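Subject: Structure handover

Hello,

The structure you asked for is below, and my notes on it follow. Please read them with the model open.

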Amino acid sequence: TTTDGSLTVPASTSIHRASSPPAFQHQTPRSLTPTSTSQSQPQPPRLQQRHTLEVPRVSTSRLSREMTNATQADGEVVSATGRFSPNTPTRRRGSMSLVRRATRSIASDLHLDEVLPDDDAARWAEHIRQKRASKRKRKDDEDDDRVVVGTKVDQNHVNWVTAYNMLTGIRFTVSRTNAKLDRDLTDADFEAKHKFSFDITGNELTPSAKYDFKFKDYAPWVFRHLRATFKLDPADYLMSLTSKYILSELGSPGKSGSFFYFSRDYKYIIKTIHHAEHKFLRKILREYYNHVQENPNTLLSQFYGLHRVKIPYGRKIHFVVMNNLFPPHRDIHRTFDLKGSTIGRDFKEDDLEKNPRATLKDLNWLRRNLHLEFGPTKKKAFIEQMERDVHLLQRLKIMDYSLLVGIHDLERGNEDKLRDKTLKVFQPGGEDAEEEVEQRMSNVLTRTPSKLENARKAKELRHMIKTQRPIPMEQAKSGMPDELEEEGTKKGFYFYSDDGGFRATHENDLPGEEIYYLGIIDCLTHYGFIKRAEHFWKGLSSPESQISAVPPERYGDRFVRFINGITKTREAAELEK
């Protein structure tokens with residue numbers, strides 16, 4: 001360094017920072033004359049250190065003063081320009097001679113793996129926890145929009161609420177169709193579908209409003225004509241489908257996963273079906289309708305309506321309304337499901353002790369040596385009608401159907417009270433609610449409830465449906481009837497004319513001791529890919545004639561042959577033996 005503090009050009013062997021090499025500004029030396037010397041001094045080349053950080057000197061620190069004195073004493077002071085700052089002539093200590101301050105913080109004594117607690121993070125976490133807890137409490141307290149989700153009383157409660165919504169939607173859509181003048185069917189009626197949104201009380205809502213369930217009605221005019229063909233009175237049909245309904249065997253699903261519900265008077269079945277069955281029924285509806293018009297005494301299931309219901313955050317449930325083959329006023333002592341096959345068609349006799357009301361199958365029927373005891377006249381009419389029905393099913397490629405047979409022993413009668421032991425009733429609000437509705441219906445001059453009253457009523461109804469459970473039939477005030485009402489008899493239908501069923505006859509056509517309640521059920525199974533695969537797989541290990549899954553033509557022929565073989569009078573069976 002010179003006396004004025006400027007830097008001189010270092011020798012070629014001088015060491016500089018490799019990360020930022022020095023830059024020199026060479027100036028041309030002028031002639032050193034007295035005149036020029038007096039006017040301007042020659043400026044030696046100046047070192048400009050690029051991109052180095054300027055470290056200011058803290059003069060107030062005692063430690064800094066001691067360090068500065070120590071370095072100056074050793075003569076190791078290095079100066080450079082500031083990094084990322086304009087070139088300034090300020091001096092700073094070289095980084096090689098800096099000493100780390102002996103400072104301490106709250107984290108100095110922590111282990112390396114320990115995490116320093118953050119007060120802000122803890123406060124945020126506590127705030128989020130409180131917010132979630134209050135949200136959960138608010139969701140539990142309010143009943144709006146959350147009729148079913150998260151409020152199951154037990155495993156089956158969601159199905160009870162769904163059935164309640166089914167009945168509410170049926171009443172609205174059937175009333176809507178029956179309010180119009182009757183007309184002939186068109187091609188568009190077989191493809192028609194109408195969608196509605198409802199609150200729990202059955203009031204129709206706009207599409208954008210909050211809803212308790214959505215309801216879809218398929219081909220309403222076609223099913224109106226079918227109900228008329230089956231001689232159902234529209235008013236009686238609506239009165240049967242009230243909010244009160246009956247569950248059989250705790251509403252447990254069958255082998256297909258479908259749930260069964262019964263109307264309050266036990267006349268109609270509400271059965272959930274798969275989406276594929278729903279599509280297939282709409283596809284064959286025209287053929288089914290024409291067959292019913294030509295064969296009013298058909299043994300096929302009588303379909304009264306096809307609908308779909310959807311609850312918030314729930315799946316879409318398709319269901320049909322059908323006739324109940326079994327009567328409300330008679331105990332069914334034995335029940336059989338007959339297909340004409342033997343592989344897998346056996347109900348274990350050991351399990352029968354635990355469940356005496358179980359539906360038995362083909363091998364159980366043959367093991368008991370039972371027969372459909374119809375005399376010559378009734379047998380001829382029965383077999384001819386069954387052949388016509390099976391011919392339709394063969395043409396539509398339908399298989400896996402069966403003949404459901406319920407046997408009522410006239411000698412035993414209703415002394416066992418089987419219906420009270422196997423049936424349950426679900427009615428929100430109990431019998432008092434039904435009486436209140438009847439009183440309100442009798443008073444014609446009643447004012448229209450306000451929107452606030454409707455909201456309060458809907459909230460109370462949601463709470464009742466959410467908390468109440470089915471009760472056994474024997475605990476209900478209005479049990480099952482012991483006699484069939486006169487207007488409830490199926491007059492004009494040959495196979496339901498004997499007290500709602502088909503009475504056994506002897507060889508001379510005199511009445512027998514049993515009444516059969518029978519019909520062809522499960523007639524919505526199409527012979528598609530799954531059934532073809534089942535036919536192939538079971539055919540590898542069993543004779544094809546004994547398995548259930550066979551092509552529709554062979555299935556129908558075997559079915560008719562089997563039913564024809566077991567239809568004989570008691571006298572004919574003893575004669576053959």
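A salt bridge here is a side-chain nitrogen of Lys or Arg within 4 Å of a carboxyl oxygen of Asp or Glu. This is a predicted model, in which local features need pLDDT of at least 70 and side-chain atom pairs count only at pLDDT 80 or more, while totals for chains, interfaces and linings use all residues. Residues are numbered from 1 along each chain as its sequence is written, and side-chain values use heavy atoms, with hydrogens and water left out.

Salt bridges

The structure holds 23 salt bridges. In one of them, Asp 265 is joined to Lys 267, with 3.9 Å between the closest N and O atoms. The areas themselves come from the Shrake-Rupley method, and for residues only the protein chains shown count as cover. On that scale Asp 265 is partly exposed at 23%, and Lys 267 is partly exposed at 30%.

Glu 513 and Arg 570 form another salt bridge, again with the closest N and O atoms 3.9 Å apart. Glu 513 lies in strand β16 and Arg 570 in helix α16 (residues 570-576), so this pair ties together parts that are 57 residues apart in sequence. Helices (H or I, at least four residues) and strands (E, at least two) are DSSP runs, numbered from the N terminus. Glu 513 is partly exposed, with 30% relative accessibility, and Arg 570 is partly exposed with 36%.

Lys 531 forms a salt bridge with Glu 534 in which the closest N and O atoms are 3.1 Å apart. These two residues are 3 apart in helix α14 (residues 529-541), which separates them by about one helical turn. Lys 531 is buried at 15% relative accessible area, whereas Glu 534 is partly exposed at 22%. Both belong to a network of salt bridges that also links Lys 339 and Asp 400.

Surface patches

Patches are made of residues with over 30% relative accessible area and no salt bridge; like charges are joined within 9 Å, and nonpolar side chains (Val, Leu, Ile, Met, Phe, Trp, Tyr) within 5 Å. Helix α14 also holds Leu 540, which is exposed at 59% relative accessibility. Together with Phe 536 and Trp 537, Leu 540 makes a nonpolar surface patch of about 440 Å².

A patch of negative charge on the surface gathers Glu 507, Asp 509, Glu 571 and Glu 574. Lys and Arg count as positive and Asp and Glu as negative, with His and the chain ends not counted. The place of a charge is NZ of Lys, CZ of Arg, CG of Asp or CD of Glu. Asp 509 sits in the loop between β15 (502-505) and β16 (511-521) and is partly exposed, with a relative accessible area of 34%.

Aromatic rings

Rings of Phe, Tyr and Trp (its six-membered ring) pair if their centres lie within 6.5 Å; planes under 30 degrees apart count as stacked, over 60 as edge-to-face and the rest as tilted. A search of the whole structure finds 22 aromatic pairs. One of them is the edge-to-face pair of Phe 172 and Phe 196, at 5.3 Å centre to centre and 70 degrees between the planes. Phe 172 lies in helix α4 (residues 157-178) and Phe 196 in strand β3 (residues 193-198), so the pair ties together parts 24 residues apart in sequence. Phe 172 is partly exposed at 22%, while Phe 196 is buried at 6%. Separately, Phe 374, Phe 382, Tyr 494, Phe 495, Phe 502 and Tyr 516 form one aromatic cluster.

Buried parts and backbone

Helix α5 (residues 220-229) is largely enclosed by the rest of the structure, because 9 of its 10 residues are buried. Among them are Trp 221, Phe 223 and Arg 224. Just after α5, Lys 231 takes a positive phi of about 60 degrees.

Val 405, in strand β12 (residues 402-409), is buried with a relative accessible area of 0%. Its C-alpha is 7.1 Å from that of Gly 519, although Val 405 and Gly 519 are 114 residues apart in sequence.

Asn 369 has a positive phi of about 55 degrees without being a glycine; this residue is in the loop between α9 (362-367) and α10 (376-395).

Regards

Key
Areas by Shrake-Rupley, 256 points an atom, 1.4 Å probe, with all protein chains shown as cover. Buried < 20%, exposed > 50% of the residue type's maximum accessible area, 1.4 Å probe, protein only.
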